[in-house]
Amino acid sequence: MEVRFQRLLIILLSLILLAGSILLILFNSKKNLVFFYTPTELIRSDSETEDIVRVGGYVEKGSIINKGNNSYSFNITDNINTITIQYNGFLPDLFKEEQGTVIEGKLIERSKVKAFKVFAKHDENYMPASIQKQLKQTDYWNKKY
Amino acid sequence: MISLIGFSSLFLSLVSNLVVIITFKFSKTLTINKVFYSALYSGTFFIVLSFLSLVWAFISSDFSNFTVFQNSHSSKPLLYKITGTWGNHEGSMLLWLMIMCFCNMFFSFNKILEINLKKLTIFFQSLLFILFCLFVITTSNPFLVNSLNVNEGLGLNPILQDPALAIHPPVLYIGYIGYSLVLSLAIAGLILDKIDLLWIKATKTWALFCWSMLTGGIALGSYWAYYELGWGGWWFWDPVENLSLMPWIAGLALVHSLTIVHQEQLLKQWVVFLSILCFSLSIIGTFLIRSGILTSVHSFATDPSRGIFILILFLVITGFSFIIFILKSKESSGRLNLLFINKTSALIINNIVMLIACFTVLLGTIYPIIIEVLTDKRISVGAPYYNSVVLPILLPGFLLMSIAPALSWQTNKLNKAKYFFYTLVFVSIFSLFITYLTNFYIWGFIGTTLGLWIIAASLLSIFNNYKASNKISLHNNALFAHIGIGIVILGITFSSVFQIESNHSIKINETINIGKYSLKLNKIEIVEKSNYQELIGNFNLYKQGKLLSSIKPGQRYYHVPKTITTEAGIYHNWLQDFYLIINKQKENIWSIKMYQNPLVSFIWIGALFMIISGIIGMIKK
């Protein structure tokens, strides 16, 4: 092969790589983004059932039901609206009533989510900064959380 | 008292480095030259003294020091009192400063570089030190006096009380911060127009050193996450992890590019660019984490005012470096010997792949911030994004890396191409067979093939080199590192694609069956330690009735601060790990979760290969 042709090939290959990566990023950033909501925002949002969402808020007092076999149900609240969560698996060590939590799962009804993952606060103040801001705006932020 | 000594030493090391800066200009004369070096060494001495004072304050539980009060407790074991020194923001920044000084001092022992270049590098390193020292003194002083009169501290976050996490930060930091010297060297080289063979040699040593340390730090961190978090995985694409991965990828591109320059004396600008990029990525990572802009599951004390300071530091350092880069870099003469496909073009593709990967990780990490600022919507970018974007981008790189070391610089002929081709065919059939026997997953097949092929092709290259020279020389170190990557790929593929997860409920003395294995809960013990109480489940694992091992997962209840942590019980085995966590379900009934992670230990074995070959690369002639 002529050297010039070889160079052309390499440059073409690099461009294909570059274009492919950009396409991958664009395609996936649309598909793999998960929206974060507080319970009120989730109810008002245009999410449809089967959508994957993240919900952050506080575990409502007295709402944790242990159905046995690692199956749980509990409510997440922002003091205005409440979302019911169904979860099958291990609850994290720090998961408690009236504590901050974030769950990720599939929306099965307007205010019901089947969670795949439950996160509890990891240190003193764990709560995603953005959710914290939102809760402060709605006056439901309490330092004791 | 000890805080006073610590703070004065910190201040004196700042002064010493100022002296370095001032005397630099006049260090042509012999006396002032002596002052220049003495100031450099005394700066190191004082920062070490300062650091040791803080360590002593932690050991002696001196709660009149605010940092000690916030992060320590007198009932902690000695080891965690010591490691608690860098388990918090202020102390870790002091460690940061100490490492910067050490890099500067060790660099000053360099004998091969021209004296002007060496001094200018020391000058810039001292300047960087001064900038970060001002940051520490003004926003994160570890020697603040506690205004409360207390006789007990608040305690160290229990998940940080762990041997792996005791050494993980220093190792990671050495890599992270070592890039500051690479940056200083790059700027000094640009200004003096001395990007020559000696410069390349010095940069290569440092780049390899930092990269090896960073590899070690990341590997230790992931190992810690594996057994301490109790999530059964070892990498979660958490912002903190991503931000340590970015300088690692850039550093890897740098190490590779340095070999092109070595051969061709070209692409100097590119190498300088990467040298600047590595430390810039380190600083931006620190900024994003410490400012609290990104929330990570790994806790770090965050403070927006610190964030602004680090952002300014980032803009000043990176901005200055890139301006020098644009002004000083010259049009390079000579042309690249690009062919389809020789070593040069393979290395260029490697660099493209790595930079795109690095950019993708950066984008995923900061995307939520951008979206929130623009649309006020809050999103999270999770593992699916990274897995489905970063992995395909890396694929061509992985495909190429098995043959790249065997390619030639001058021609487009692959020596003994036939053998490489046969190896590939054999390996694909073999892995098709393996994946077919288990369950066929496309990623399982691709991962197994790639991993095995990289290992086989690298071994083949080592064998060819051996036949050519009749000895196994240290120059094969790049091939060892590639074998390490192959091993890591196998580990990742098997432990993720072929992981088996199962949930069970169990009573005491009950035996449950999990596939070929059975698990018996013997008893539940409660153990009291000085700073926690632990509940331990004592399990026996059997394979077809034969006892394999006992596994002891537990839960710890720390007294200060009041926290529960999960302690996974792991039975290591070359072929797979049995990973068990326990949780109370109801009275006398325990929930257990078991992960069978095949070949997961390969991940850390492979990392060890990479570290060792990096160090060989540093010391070989």
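Chain B gives 39 residues to its contact with chain A, and chain A gives 31. This is a predicted model.

**Where the chains meet**

Several elements of chain B supply two or more residues to the side that touches chain A: α12, β1 (378-381), α13, β2 (500-506), β8 (563-567) and β11 (589-598). The greatest share comes from α12(B), with nine residues. By type, the side of chain B that touches chain A holds 19 nonpolar, 16 polar and four charged residues.

Strands also link the two chains. Strand β1 (residues 33-37) of chain A runs antiparallel to β1(B), and four bridges join them. One of the pairs can be named: A:Phe36 has B:Arg378 of β1(B) as its bridge partner.

**Two helices of chain B**

Helix α12 (residues 343-375) and helix α13 (residues 383-401) of chain B have axes that come within 9 Å and cross at roughly 170°. An angle over 145 degrees counts as roughly antiparallel, and α12(B) and α13(B) are therefore roughly antiparallel to each other. Their contact has 15 nonpolar residues, four polar and no charged. On the α12(B) side, the residues include B:Ala346, B:Ile349, B:Val353, B:Met354 and B:Gly364. The α13(B) residues that they meet include B:Tyr385, B:Tyr386, B:Val389, B:Pro396 and B:Leu400.

Helix α1 (residues 2-24) of chain B has 23 residues. From first C-alpha to last, α1(B) reaches 33 Å, close to the 33 Å expected at 1.5 Å a residue. Its buried residues include B:Ile2, B:Gly6, B:Phe7, B:Leu10, B:Leu14, B:Asn17 and B:Val20. Serines are among them too: B:Ser3, B:Ser9, B:Ser13 and B:Ser16. The buried residues of α1(B) pack against α2 (30-59), α5 (89-108) and α6 (115-139) of chain B.

**A sheet in chain B**

Four strands of chain B form an open sheet in the order β2-β11-β10-β9, with antiparallel pairing. At the edges lie β2 and β9 (569-571) of chain B, each of which pairs on one side only. From one strand to the next, the twist averages 20°. β9(B) pairs with strand β10 (residues 576-586) of chain B over three bridges. Within this pairing, B:Ile570 stands opposite B:Tyr579 in β10(B).

| Strand pair | Direction | Bridges |
|---|---|---|
| β1(A) and β1(B) | antiparallel | four bridges |
| β9(B) and β10(B) | antiparallel | three bridges |

Definitions and conventions: Residues numbered from 1 in each chain as written. Chains lettered and ligands numbered in written order. Predicted model: local features only at pLDDT ≥ 70, side-chain atom pairs only at ≥ 80, totals over all residues. Expected span 1.5 Å × (residues − 1). Buried ≥ 20, exposed ≤ 12 C-beta atoms within 10 Å, placed from the backbone. Contact = placed C-beta atoms within 7 Å. Axes fitted to C-alpha atoms, helices over the stretch in contact; angles between N-to-C directions. Parallel < 35°, antiparallel > 145°, perpendicular 65-115°, else oblique. Nonpolar A, V, L, I, M, F, W, Y, C, P; charged D, E, K, R; others polar. Pairing = 2+ DSSP bridges.
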